[in-house]
Amino acid sequence: MAPIKDFISKFSDFKNHKKLILSSATIALILFATIVGVAATKSNQNKNQQITTISSTSHAVLKSVCSSTLYPELCYSAVAASGGKELTSHKDVIEASLNLTTKAVTHNYFAVKKLITKRKGLTAREVTALHDCLETIDETLDELHEAKEDLHMYPTQKSLRKHADDLKTLISSAITNQGTCLDGFSYDNADKKVRKALLKGQVHVEHMCSNALAMIKNMTDTDIANFELRDKSSTSNNRKLMEITGDLDGEGWPHWLSVGDRRLLQGSTVKADATVAADGSGDFKTIVAAVAAAPEKSSKRFVIHIKAGVYRENVEVSKKKKNIMFLGDGRGKTIITASRNVVDGSTTFHSATVAAVGEGFLARDITFQNTAGPSKHQAVALRVGSDFSAFYNCDMLAYQDTLYVHSNRQFFVKCHIVGTVDFIFGNAAAVLQDCDINARKPNSGQKNMVTAQGRSDPNQNTGIVIQNSRIGGTPDLSAVKGTFPTYLGRPWKQYSRTVIMQSAISDVIRPEGWHEWSGSFALDTLTYREYLNRGAGAGTANRVKWKGFKVITSVTEAQQYTAGQFIGGAGWLASTGFPFLLSL
């Protein structure tokens with residue numbers, strides 16, 4: 001209390017010399033402030049002591065595990081300050097970090113709710129963007145919960161590679177969700193004020209997720225390497241490491257798939273659980289009504305047959321609607337169309353004509369369309385955040401941002417994708433096989449970009465792979481291709497990853513192949529690869545000279561981008577009933 005006594009003594013001298021009269025209330029207030037300051041200092045000292053009082057064992061484990069992360073100081077300080085149980089393993093640190101991240105995400109959720117209810121003067125798009133944030137934050141909470149459950153089972157309940165793929169997918173998606181929330185406030189200056197209010201919390205969660213992902217990758221990579229060094233002839237070890245074959249039988253089917261399911265998937269007809277017909281001849285007149293009537297969290301496939309016709313509606317298959325299948329009467333016959341767009345006040349995320357989020361979504365013989373046009377900027381035809389989702393014989397037609405491969409593991413086969421700027425974009429682990437990908441004539445002064453991949457963290461298991469496909473232009477573009485430069489892609493985020501392999505590339509693609517996003521941004525950190533492509537636009541002699549671009553010459557390197565490895569396709573693609581290729 002010496003500082004307080006000194007203060008009183010000095011105050012008395014000052015009072016006598018200057019003849020100032022202060023009320024006792026004022027003196028009391030100053031004394032109170034001084035005491036509070038001392039108390040706060042004590043409190044901060046106690047907090048610092050709490051960080052340094054973890055056991056030497058926990059300290060050593062925590063320091064070692066956090067050293068593999070991009071934000072090691074945050075990793076250490078967050079877990080150390082939380083106390084909790086003794087840390088004895090990699091797994092303990094990851095679990096503690098995921099628990100803390102969940103608390104931070106929950107805090108952000110209520111912060112967004114408060115902005116919606118309390119902030120005055122929000123524009124319609126800001127309200128939409130805030131609701132986008134609530135949706136992606138809610139999905140993040142589910143992903144963190146599932147990751148913790150998977151971690152508890154690790155490493156005994158699945159193959160090591162399956163554990164690794166699932167955990168990395170969950171946390172990669174959680175990271176993507178944080179960026180998606182902030183991206184909704186990037187359209188004009190008014191948006192940026194709301195963005196600023198959210199920025200600190202969203203970035204904190206993104207960094208926490210990044211640390212968890214780095215630790216998971218380090219743990220699983222080490223465990224897999226150790227298994228490979230052990231007795232390779234051991235049946236149990238070989239089973240844990242199965243990935244390329246995915247534990248398939250002699251006919252290429254997973255052992256866990258029943259004979260009855262195999263017959264159903266191999267049959268030429270699929271029995272529908274509900275039928276949509278605009279003319280009233282089905283169970284429902286709208287797709288939205290049929291989706292609403294579908295069971296939630298179903299483990300069984302629920303097939304919605306959508307009869308030929310034009311359906312003008314925005315459809316969302318939410319996270320609770322699992323294992324839904326849309327079965328059309330043919331692309332160009334069953335058409336789902338709308339025109340939401342950014343110029344008219346939507347966010348990119350919300351502009352999608354169809355948004356598929358529930359796990360295990362399938363679609364076949366359907367056209368997804370956004371008719372907003374090139375002057376309306378971002379206008380998505382199809383957004384996909386569904387894990388283990390697949391699309392067969394479908395059209396995705398729009399201009400800017402046609403196909404939004406937002407997050408999780410996705411597969412597209414025999415599809416037709418048409419657009420202008422960044423028309424295949426997002427941060428899923430997406431493989432497109434045997435697809436026709438065509439740029440179309442944009443607005444005057446615009447350039448066409450086939451892809452704009454959005455990987456923001458080097459440990460995310462995400463990217464866009466185009467294999468055995470055809471990349472070219474629609475007739476209206478081909479006639480004026482010299483006026484509208486077209487490129488294979490540009491880096492939307494820092495660690496953008498896109499691979500084009502074994503595909504036909506027409507001369508609509510410029511000789512340099514790829515285009516920058518803004519100056520030198522991401523040119524050293526991106527991963528752009530080409531392998532065994534053909535056609536007039538496939539020559540690599542005049543390709544960009546960026547550090548991140550490379551022509552693959554090794555079969556082993558190319559193999560890692562196949563459906564079998566990149567999206568773990570051997571374990572789930574057979575169950576879709578769609579054709580696929582696991583290897584090169």
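The legends below accompany close-up views of a predicted model.

**View 1. The chain as a whole, given as context for the close-ups.**
In this predicted model, the secondary structure of the chain amounts to 14 helices and 26 strands. Of its 584 residues, 51% count as buried. Among the contacts that link residues at least 6 apart in sequence, 69% are between residues at least 24 apart.

**View 2. An open sheet of 11 strands with parallel pairing.**
Read across the sheet, the strand order is S1-S2-S5-S8-S11-S14-S17-S20-S23-S25-S26. Strand S1 (274–276) and strand S26 (549–551) stand at the edges, and because each has a single partner strand, one side of each is left without a neighbour in the sheet. Neighbouring strands are turned against each other by 10° on average, with direction ignored.

**View 3. Strand S14 and the strands that pair with it.**
All of strand S14 (residues 409–413) is buried, 5 of the 5 residues, so the strand is largely enclosed by the rest of the structure. Burial applies to both of its faces, with Arg409, Phe411 and Val413 on one side and Gln410 and Phe412 on the other. Strand S11 (residues 389–392) pairs with S14 in the parallel sense over 4 bridges, and in this pairing Ser389 stands opposite Gln410. S14 also pairs with S17 in the parallel sense, over 5 bridges, and here Arg409 stands opposite Ala429.

**View 4. The pairing of strands S17 and S20.**
Strand S17 (residues 429–433) and strand S20 (residues 463–467) are joined in the parallel sense by 5 bridges. Within this pair, Leu432 is placed opposite Ile466 of S20.

**View 5. The largest nonpolar core, with the surroundings of Phe412.**
This core has 58 residues, and those with the most contacts inside it are Phe326 and Phe412. At least three of its residues come from each of domain 2 (272–383) and domain 3 (420–570). Leaving aside neighbours within four places in sequence, Phe412 is in contact with Leu382, Val384, Phe391, Met396, Leu403, Val405, Ala430, Val431, Leu432, Gln433 and Cys435. A second, separate core of 51 residues has Leu130, Leu182, Phe185 and Ala212 among its members. In soluble globular proteins, nonpolar side chains tend to be buried together.

**View 6. Asp422, listed by UniProt under "active site" in an unreviewed entry.**
Asp422 is found in the loop between strand S15 (416–419) and strand S16 (424–426). Its relative accessibility is 5%, and because buried means under 20%, Asp422 counts as buried. When neighbours within four places in sequence are left aside, the residues in contact with Asp422 are Asp401, Met449, Val450, Thr451, Ala452, Arg490 and Trp517.

**View 7. Thr498 in strand S23 (residues 497–501).**
With a relative accessibility of 0%, Thr498 counts as buried. Not counting residues up to four places away in sequence, Thr498 touches Thr451, Gln453, Ile464, Trp514, Thr527, Tyr528 and Arg529.

The buried residues of helix H4 are Cys75, Tyr76, Ala78, Val79 and Ala80. Just after H4, Gly83 takes a positive phi of about 70°.

Definitions and conventions: Residues numbered from 1 in each chain as written. Predicted model: local features only at pLDDT ≥ 70, side-chain atom pairs only at ≥ 80, totals over all residues. Heavy atoms only, no water. Pairing = 2+ DSSP bridges. Helix = DSSP H or I, 4+ residues; strand = E, 2+ residues; numbered from the N terminus. Axes fitted to C-alpha atoms, helices over the stretch in contact; angles between N-to-C directions. Core = buried A, V, L, I, M, F, W, Y, C linked by side-chain atoms within 4.5 Å. Buried < 20%, exposed > 50% of the residue type's maximum accessible area, 1.4 Å probe, protein only. Domains from an automatic or database assignment. Contact = heavy atoms within 4.5 Å. UniProt positions renumbered as here; feature names shortened; annotations may be inferred.
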